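User: I want to learn how to read this model, one feature at a time. Please give the general idea and then the case.

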Amino acid sequence: MSTGVVALAEIGDKTQILSLMLAARFQRPWPIIAGILCATIANHAAAGLAGTFFGGLLQGPWMRWILALSFFSVAVWALFPDKFEEDESNSRRDRTGAFAATLVAFFLAEIGDKTQIATIGLAARFAVFLPVVAGTTLGMMLANVPAVFLGDRLAGRLPLRAIRITAAIVFVILGVVTLFE
């Protein structure tokens with residue numbers, strides 16, 4: 001569940017656009033992939049810990065309503081395409097190397113992102129840390145590794161609108177299931 005939800009939510013997301021840009025800039029896929037993996041593990045581990053912690057504190061109908069609301073919010077958020085705007089520290093990124101630039105940029109871009117919020121919600125919903133974090137990390141890698149290897153050729157061929165709508169539907173279903181469980 002975690003893998004599919006995050007892989008769908010990541011298509012067309014700002015971090016996927018960031019992956020495309022880093023691949024075009026550095027033309028070194030393996031350090032970029034390693035940076036994405038390390039940043040995602042750190043970011044989603046923190047989100048998973050928050051989700052399991054708060055999920056354990058909030059029980060009963062409050063938890064169901066909060067989780068359902070978060071899933072519905074992410075569903076609406078998934079309908080709108082993300083845009084990545086390059087910052088002014090390009091020369092610094094060139095000096096730090098593909099791995100370091102990817103690690104820092106990807107970690108920061110993921111803070112507060114819909115996939116991080118989804119990880120919190122999934123960890124709270126399922127009350128398990130490792131399977132959720134492993135699944136969401138795998139979902140991120142499934143969405144971003146092809147972007148790194150195929151660069152901007154892939155972005156122009158994907159039906160991003162249909163993928164965003166599918167991701168929104170999945171989050172709505174999660175919200176409804178959570179409410180009526």
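## Reading the model

Analyst: Helix α1 is followed by G12, whose phi is positive, near 80°. Helices here are DSSP runs of H or I with at least four residues, strands are E runs of at least two, and both are numbered from the N terminus. The model is predicted, so local features need a pLDDT of at least 70 and side-chain atom pairs count only at 80 or more, while totals for chains, interfaces and linings use all residues. Residues are numbered from 1 along each chain as its sequence is written, and side-chain values use heavy atoms, with hydrogens and water left out.

User: Which residue has a positive phi although it is not a glycine?

Analyst: Most residues other than glycine have a negative phi. Here A127 has a positive phi of about 55°. A127 sits in the loop between α7 (114-126) and α8 (130-150). Its relative accessibility is 59%, so A127 counts as exposed (buried is under 20% relative accessible area, exposed over 50%, partly exposed in between, with a 1.4 Å probe and protein chains only).

User: Where is confidence lowest, and where highest?

Analyst: The chain averages 78, and 73% of the residues score at least 70. Confidence is lowest in helix α5 (residues 90-96), with a mean of 46, and highest in α8, at 93. Over residues 84-95 the pLDDT is below 50, and this stretch has 13 contacts in the model beyond near neighbours in sequence (contact means heavy atoms within 4.5 Å). Where pLDDT is low, the predicted coordinates should not be read in detail.

User: Which residues of the largest nonpolar core touch the most other members?

Analyst: A nonpolar core is a set of buried Ala, Val, Leu, Ile, Met, Phe, Trp, Tyr and Cys residues joined through side-chain atoms within 4.5 Å. The largest one has 17 residues, and L18, L22, F26, I32, I36, F106 and V148 touch the most other members. Two or more residues each come from α2 (14-26), α3, α6 (98-110) and α8. Helix α6 gives the most, five residues. Leaving aside neighbours within four places in sequence, the contacts of F106 include L18, I36, A39 and M140. A second, separate core of five residues includes V5, L122, V132 and L174.

User: How are W30 and F149 arranged as an aromatic pair?

Analyst: Rings of Phe, Tyr and Trp (its six-membered ring) pair if their centres lie within 6.5 Å; planes under 30 degrees apart are stacked, over 60 edge-to-face and the rest tilted. The structure holds one such pair. W30 and F149 are edge-to-face, 5.3 Å centre to centre with 70° between the planes. W30 is in helix α3 (residues 29-57) and F149 in helix α8, so the pair ties together parts 119 residues apart in sequence. W30 counts as exposed at 60% relative accessibility, whereas F149 is partly exposed at 39%.

User: Is H44 buried or exposed?

Analyst: H44 lies in helix α3 and counts as buried, at 0% relative accessibility. The side chains of H44 and T136 are joined by a polar contact of 2.9 Å (N or O atoms within 3.5 Å; within protein, one must be able to donate a hydrogen and the other to accept it, and residues adjacent in sequence count only if both atoms are side-chain atoms). Not counting residues up to four places away in sequence, H44 also touches others, among them V6, E110 and M140.

Notes
pLDDT is the predictor's confidence in each residue, from 0 to 100.
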